[in-house]
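Hi,

Here is the structure I promised to pass on. Have a look at it first, and my notes on what turned up follow below.

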Amino acid sequence: MTSPDQPTLDNLSSETRRFPPPPEIAEHANVRADAYEQADADRLGFWAEQARRLDWAQPWDDDKVLEWDPPFAKWFGGGKLNVAYNCVDRHVEAGYGDKVAIHWEGEPGDTRSITYAQLQDEVSKAANALIELGVRTGDRVMIYLPMIPEAAIAFLACARLGAPHSVVFGGFSADALRSRIDDVGAKVLITSDGGYRRGKPSALKPNADEAMEGTAIEKVLVVRRTGEEVPMRDGRDVWWHDVVDRQSTEHTPEAFDAEHPLFILYTSGTTAKPKGILHTSGGYLTQTSWTHHAVFDHKPDSDVYWCAADIGWVTGHSYIVYGPLANRATQVMYEGTPDTPHRGRFWELIEKYRVTILYTAPTTIRTFMKWGADIPAEFDLSSLRILGSVGEPINPEAWMWYHEKIGGGRCPIVDTWWQTETGAILISPLPGVTVLKPGSAQRPLPGVGADVVDDAGKPVPNGGGGYLVLTEPWPAMLRTIWGDDERYVDTYWSRFRDQGYYFAGDGAKKDEEGDIWLLGRVDDVMNVSGHRISTTEVESALVSHPTVAEAAVVGATDPTTGQGIVAFVILRGDATDGGEELVVTLRNHVAKEIGPIAKPRQIMVVAELPKTRSGKIMRRLLRDVAENRDLGDVTTLADPTVMNLIGAGLQSGKTED
Ligand code: WT7
């Protein structure tokens, strides 16, 4: 808690660069400035209008757009629809059967282009196969797959049957998969022999086998991807090509209630037991479809869209499968890593498919920065017109690099803030409306209520920092934590119970014009001599130095200041390790950019940072290093060996003064 005269979170940095929307984008934008006023005047009417983007088998009751029994929401009560029909069949019926839905690119270079008509056949066959395996409406189906088209087909087959899916990212361990199978109570699992990663087949099925021991899984549908030998258990395991391929392409989709569960996606959070975030059908599809249309200014007849996330994360659910397919998008889906077989792979794909909209994460952008701008410069990226960012705050310098080196200075960047729990983008610029500020997610989208408040739940004035809250229910919001309403209430709705706000767990500030800047998770906030400093601002100051590609800072216990700032930095491709001198330069640079209070006590130059599989820096582990503790749990690290590298660097003890 902070005292009343002390800010909840200090506001240190300021950014003055401005980028108005390019005239040709503003002129043809899907959504204009009047959407904000329209939604302010009648929020529920606004969402009802967006829900008409979808095809409803039965319309919702006019008085039931939202039934709000805080904090439990129902949207579009009385309405019925089939999500898969909305993402596939209706486009075929409208005459777009020959339009490509997915240009899939395997890591080894094999490709498949799947039209909407083919997708309809594949989804129908997969739905029929799931029925044969005993899946009925309401049954949960577990999905553990790499980035192959069958992943999208499996999602949609489940949605078609009203059988909620629960996807576990292919990079997760057997333990992670087992705990989710148990929690969700799945009887059927869809997996594959393996997938390709960094030029090599990487097995999945053996992990799945280990995970299933002692669970209730009765049937396993296995996609052949790598062709490597895998054990198949008689009576339990069947091949996708044996069972799906022989099914009929006819399957009549049934309409389900708007609140019928669509999927459960686990998010790890800070405590041991992962939370099963429940999303339902009508509100979720309305908001993912509308935000994909509005935020990416997506035009189905001319755009080629690419979301480079993995299907195992919520970004893949909302912005590879449901939003884009509901909008009849043609999209690129890529199986592998950005450096296989070479570091220009992304740019090669953009050139090949003439991608117009690219959506990726700051961590990926900073990796590209580290590799150097001469790599993208070798490719024709002139098709690009909109760039998106998601997953963590994008530092202004990474934003500028993305804007110039990838977007050629002509593409608006939409910095989209949202969460697994929110289901869809809530805070973001609109590319044809917003004057962009590098590093800011800017304003809540039309129809969304968000604010930054202090400890007491009072909105902070412009220029102030505090906690990001959502002040109104939204259509794609999580409905609960699977099987645990109490935990849902405690986790998200108890911190600001009196105000009835959803607490997102993020720190944020409002600038002088009221635009929102995300400052990282509040758990990561550092307290230096009574100043509450966000990790994001110090990291951005470090990344704004030309030698730094990436930075992570943590607060470490300090006898004089309470906490001292310890920074870990990765240098850019062309920068050499400048030793002591560079450390001094960087400390002074931070002091100059955002003030002496934020000057790191210690700076370490490292080769890698510990990141989760979804690219978020695990500051908890860096705190362990900074405070010379034994490392905590490293099992969710993308690459557990990076901690050895970092530990070795620390022992050489080069940076303290
Ligand atoms: C957390 C949610 C949203 C899909 C991927 C991550 C951080 C996300 C931004 C952004 C600043 C962001 C927040 C949020 N975050 N987008 N544009 N600017 N921070 O989903 O794993 O549920 O993580 O990611 O801290 O709370 P997730």
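**Loops, ligand and a pocket**

Pro 341 sits in the loop that runs between strand E17 (331-334) and helix H12 (345-353). Helices (H or I, at least four residues) and strands (E, at least two) are DSSP runs numbered from the N terminus. Bear in mind that this is a predicted model, where local features need pLDDT of at least 70 and side-chain atom pairs count only at pLDDT 80 or more, while totals for chains, interfaces and linings use all residues. Residues are numbered from 1 along each chain as its sequence is written, and side-chain values use heavy atoms, with hydrogens and water left out.

Another cis bond joins Pro 70 and Pro 71, with omega about -5 degrees, and Pro 71 belongs to the loop between strand E1 (66-69) and strand E2 (72-75). Arg 198 has a positive phi, near 55 degrees, and is in the loop between strand E9 (194-197) and strand E10 (200-203).

Now the ligand. There are 16 residues around the ligand, and Asp 415, Thr 416, Gln 419, Thr 420 and Asp 506 come nearest (a residue counts if one of its heavy atoms lies within 4 Å). That shell divides into six nonpolar, five polar and five charged residues (nonpolar means Ala, Val, Leu, Ile, Met, Phe, Trp, Tyr, Cys and Pro; charged means Asp, Glu, Lys and Arg; the others, Gly among them, are polar). Helix H11 (314-326), strand E20 (413-416) and E25 each supply at least two of the shell residues. In the side chain of Gln 419, an N or O atom is 2.8 Å from an oxygen atom of the ligand. The protein covers 89% of the 560 Å² of accessible area that the ligand has on its own (Shrake-Rupley method, 1.4 Å probe).

Last, the second largest pocket, with a volume of about 300 Å³. A pocket here is an open set of points on a 1 Å grid over the protein atoms alone, where a 1.4 Å probe fits, with protein on both sides within 12 Å along at least five of seven lines; lining residues have an atom within 4 Å of a point. The volume is the space filled by probe spheres set on the points, which are joined across faces, edges and corners. Its lining has 21 residues, with Ser 13, Ser 14, Glu 15, Pro 396 and Ser 540 nearest the centre. H16 gives the largest share, four residues. Where does this pocket lie? Domain 1 (23-504) and domain 2 (525-650) both contribute to the lining, so the pocket lies between them (domain bounds come from an automatic or database assignment).

Cheers

Notes:
A polar contact is a pair of N or O atoms within 3.5 Å; within protein, one must be able to donate a hydrogen and the other to accept it, and residues adjacent in sequence count only if both atoms are side-chain atoms.
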